[in-house]
Amino acid sequence: MKIEDKKRVLREMVLHRRFEERCYQAYIERKIGGFLHLYPGQEACCNGVMEAARPGHDYVITGYRDHVHAIKCGADPKEVMAELYGKETGSSKGRGGSMHIFDAGKRFMGGYALVGGPFPLAAGIAKAIQLKGGDEIAICFLGDAANNQGTFHETMNMAALWKLPVLFICENNLYGIGTSIERSTAVIHQHKRVCAYGIEAAECDGQDIDKVYAAARLAVDHVRSGKGPYFLELMTYRYRGHSMSDSRGYRSREEEELWKQRDPIFILRDRLIETGEMSMADYEAIEKETDAYIENEVIKFAEQSPEPRVEDLEKYVFADRETQLPWLTGKAA
Amino acid sequence: MANIMYWEAIQRAHDEEMARDPLVICMGEDIGVAGGTYKATKGLYEKYGPLRVMDTPISENGFTGLAVGASFLGVRPIVEIMSVNFAWLAMDQMFNSAAKVRYMSGGQLAAPCVFRSAGGAAHQLGAQHSARMEKVFMGIAGLRVVTPSNPKQAYGLLKSAIRCDDPVFINEHELMYNMKGEVPDGEYFHPLEGSDIARAGTDVTLFGYNISVHWCLKAAEILDKQYGISAEVVDLYSLAPLDRDGIRKSVSKTHRAVIAEEDEAPVGVGSEVIAIINEECFFELDAAPVRVHSALVPQPYNHTLEKATIPDHEDVVKAVLKLFGKA
């Protein structure tokens, strides 16, 4: 990554961190309902991979911890926050919520709440790319625990069999809800599991964005060049619980502190400061500007946006009826 | 009009749509090189090649999800699930992904997939190969369910389902693939909504769908000839949504209703049609509606027990006679 890109990405990562922390606060204030799965600690994963890919061009799909992936693909943070507030201006018009952020225009194909559900969907997106002959790739971000679903194995087999242009990113944060990987999974290193399907795979430190970027560069190039799927495992950690109802009783504060010493934002920040590219004061200014942006624009937009109309409750269940009449009534033009 | 078999009608719909649109593809177990368990995709592999006619591994949820993901980008997959029993495994992707994605994305994504599957009890296939599952599919928001009772419907419903922007589940029947019937020579699109009057009558309405339409038609014949009862047979080829208007109109004319289904009660087309009758035209009734359905048992292997599980035209006749106080 070029220095200018690193500086931009640092600013983005700060936005991602502060956005999520602000969501936490809004949840406590009961402005946000439902389930809320936050991303702090894992920022280098999404950012490093997407810097090596082409956001808005490549198709991205993920699970329910999806706000940051959407924003990184180009979704407007204001619309993502409005979605969390359940507003009509939200990225899914208030119908989706935290776990179902979508921005089809930016080729962010959504967050899905069934663990492992996006695996075959990603392969299907790749199948469509293959049929249409484009140079896009499909990127599927999921956690380690998703690999214990049948869809993981079924999809790895099909993706390898048909050489589909799909990149699987495993953000291994060591916990599936509240059960540690040692207690749920026979093999800790997830990239080893895809060897059975003949899929190229690698493992990488998920906290250091330079390392993630380098590994993702190889992975993206592999997939884009038509060599078939690739599986990249990023070792990372989520600071908060699985969701808001999780008090993290299953792990020690010492373990959390150990990981926080390898914070992805601080690693990049300190590197830029050490090389004289920026000062601590510059960094603090970024934080301040980010907070002001979130408060004055993102939250304000979400707060002031209208609720969906109850009359529109059934809108979007099916395609707009008028457009489907030839097939619904049999009176084809 | 061509007199062709149910499977030929399905094959023809595939062929015409695949010839028209390169983004129409089909996939499933043994559908390509082998030509399909019920021949519904015969010859397509040779014509369209392995990229568009995909022999899948035996991974129902996986390849169904793959089809759904492809449909997000405008591909029109026709997924064959060899037996509806295996569709249980694919329900996660059909229900959680295909049926909900339009809604939970606020209208941004759609999953215009067709899922075809052979349902129904054939001959002594036992508990895990004889399921009727329409009761499960018809209660899912965002999913259309149709079920053809003849080759014309099999052809026209598949044509419409492929064109429709909503996901459509097509419930076929293992015993019907070799049934012959008239299919228009020209292109024909059967409506995905509504119902057909398979036989007009005045004294009682027999509601059926898929194979039970044929029990109803046979029963109507017997009722007419032996008992002088004029039965109207309504073919509910659309199970989701059910045709409220068609149900109301027929019951308002005949004032009596029998619903015949191969699925088991409780829960199902019968209970739903009776609920609609109650809501739409309760005061038109001269007698309480009756449903004819399978026994609630895992399908037995033994021939005699199997026969005792599944209703037929005689059960429909008995139900009607009971309605008229003649049994």
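**Close-up views of chain B and its contacts**

Across the interface of chain B and chain A, 17 residue pairs are in polar contact, both residues at pLDDT 80 or more; a polar contact is a pair of N or O atoms within 3.5 Å, where within protein one must be able to donate a hydrogen and the other to accept it, and residues adjacent in sequence count only if both atoms are side-chain atoms. This is a predicted model, in which local features need pLDDT of at least 70 and side-chain atom pairs count only at pLDDT 80 or more, while totals for chains, interfaces and linings use all residues. Residues are numbered from 1 along each chain as its sequence is written, chains are lettered from A and ligands numbered from 1 in the order in which they are written, and side-chain values use heavy atoms, with hydrogens and water left out.

**View 1. The interface of chain B and chain A.** Chain B gives 48 residues to the contact and chain A gives 46 (contact: heavy atoms within 4.5 Å). About 4,000 Å² is buried between the two chains, 68% of it on carbon and sulfur atoms (buried area: accessible area, 1.4 Å probe, that two parts lose on being put together, summed over both). On the chain B side, B:Leu73, B:Tyr103 and B:Met104 lose the most area to chain A, together 20% of what that side buries.

**View 2. The salt bridge between the chains.** The count between chain B and chain A is 1 salt bridge (a side-chain nitrogen of Lys or Arg within 4 Å of a carboxyl oxygen of Asp or Glu). The side chains of B:Glu193 and A:Arg321 form a salt bridge at 2.7 Å, N to O.

**View 3. The open sheet of chain B.** Seven strands are ordered β3-β2-β4-β5-β7-β6-β12, with mixed pairing (strands pair if DSSP finds at least two bridges between them; strands, E, at least two residues, and helices, H or I, at least four, are DSSP runs numbered from the N terminus). The edge strands, β3 (53-55) and β12 (238-240) of chain B, each pair on one side only. Strand β6 (residues 144-146) of chain B runs antiparallel to β12(B), joined by 2 bridges. B:Val145 stands opposite B:Ala240 in β12(B).

**View 4. The two domains of chain B.** Domain 1 spans 2-183 and domain 2 spans 196-323, with bounds from an automatic or database domain assignment. Their C-alpha centres lie 26 Å apart. Each domain gives 30 residues to the contact. The rule finds 4 salt bridges across this interface. B:Lys135 and B:Asp263 meet through their side chains in a salt bridge (3.0 Å, N to O).
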